[in-house]
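Subject: Structure for you to look at

Dear colleague,

Here is the structure I promised to pass on, with my notes on it below.

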Amino acid sequence: MEKGLSSITTSSSKEGLPLTPHSNFKTASTDDDLAHILFNIKSSKTSAVINYGASWCRMCSDILPAFHRLSNNFPKLSFVYADIDECPETTQHIRYTPTFQFFRDGEKVDEMYGAGEERLRDRVWLHS
């Protein structure tokens, strides 16, 4: 692991979530973590889904386990969870929680607001 990235986790750091057998689920716990993840997504042209949520947001807490399960079902996609309160500088553009952003070839191609497990699964499948 590179210097300064010790707070990026590839397993679940949120309580109640199982560890993922894949290394495609990450949690950004600082602005630097999220900036580094975004840089890697854009420079490596990786397909990714970023879930912007907040600990105080009930819908965010409700959809997080489904988001985590999807990371197991779609191992070729990168899944990132970023708490807007832990990454305030890099999430200034987020106005609603949860917000899901979808990246393909390093570019943002879609955005989804709100929760809904079936809707999220369909959107992830569409971008996989």
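Of the contacts in the protein with a separation of 6 or more, what percentage is accounted for by residues 24 or more positions apart? The share comes to 65%. Please bear in mind throughout that this is a predicted model, and that the values below were computed from it.

**Overall layout**

The secondary structure of the protein consists of 3 helices and 5 strands, and along the sequence these elements follow the pattern β-α-β-α-β-β-β-α. Of the 128 residues in the protein, 43% are buried.

**The pair α2 and α3**

Helix α2 covers residues 58–73 and helix α3 covers residues 117–126, and their axes come within 10 Å of each other and cross at roughly 30 degrees. Because angles under 35 degrees count as roughly parallel, the two helices α2 and α3 are described as roughly parallel to each other. The crossing in which α2 passes α3 is right-handed. On the α2 side the contact is made by Ile63, Ala66, Phe67, Arg69 and Leu70, which meet Glu117, Leu120, Arg121 and Val124 in α3.

**Cysteines**

A search of the whole structure for disulfides finds 0. As for two of the cysteines, Cys60 counts as buried because its relative accessibility is 3%, under the 20% limit, and Cys87 also counts as buried, at 0%.

Trp56 is found in the loop between β2 (48–53) and α2, and with a relative accessible area of 58% it is exposed. Leaving aside residues up to four places away in sequence, Trp56 touches Ile84, Asp85 and Thr97. Asp85 is 29 residues from Trp56 in sequence, while the two C-alpha atoms are 9.5 Å apart in space.

Thr97, one of the residues that Trp56 touches, is joined to Pro98 by a cis peptide bond with an omega of about -5 degrees. Pro98 itself is found in the loop between β3 and β4 (99–104). For context, most peptide bonds are trans.

**Other loop residues**

Most residues other than glycine have a negative phi, and two residues here are worth checking against that background. Lys45, which is not a glycine, has a positive phi of about 60 degrees; Lys45 is found in the loop between α1 (31–44) and β2, and at 53% relative accessibility it counts as exposed. Asp105, likewise a residue other than glycine, has a positive phi near 55 degrees. The place of Asp105 is in the loop between β4 and β5 (107–113), where its relative accessible area of 48% makes it partly exposed.

Finally, Pro75 lies in the loop between α2 and β3 (78–83) and is partly exposed, with a relative accessible area of 43%. Although Pro75 and Ser23 are 52 residues apart along the chain, their C-alpha atoms are separated by 8.3 Å.

Notes: Residues numbered from 1 in each chain as written. Predicted model: local features only at pLDDT ≥ 70, side-chain atom pairs only at ≥ 80, totals over all residues. Heavy atoms only, no water. Disulfide = S-S within 2.5 Å. Buried < 20%, exposed > 50% of the residue type's maximum accessible area, 1.4 Å probe, protein only. Axes fitted to C-alpha atoms, helices over the stretch in contact; angles between N-to-C directions. Helix = DSSP H or I, 4+ residues; strand = E, 2+ residues; numbered from the N terminus. Parallel < 35°, antiparallel > 145°, perpendicular 65-115°, else oblique. Left-handed = near helix turned anticlockwise from the far one by under 90°. Contact = heavy atoms within 4.5 Å.
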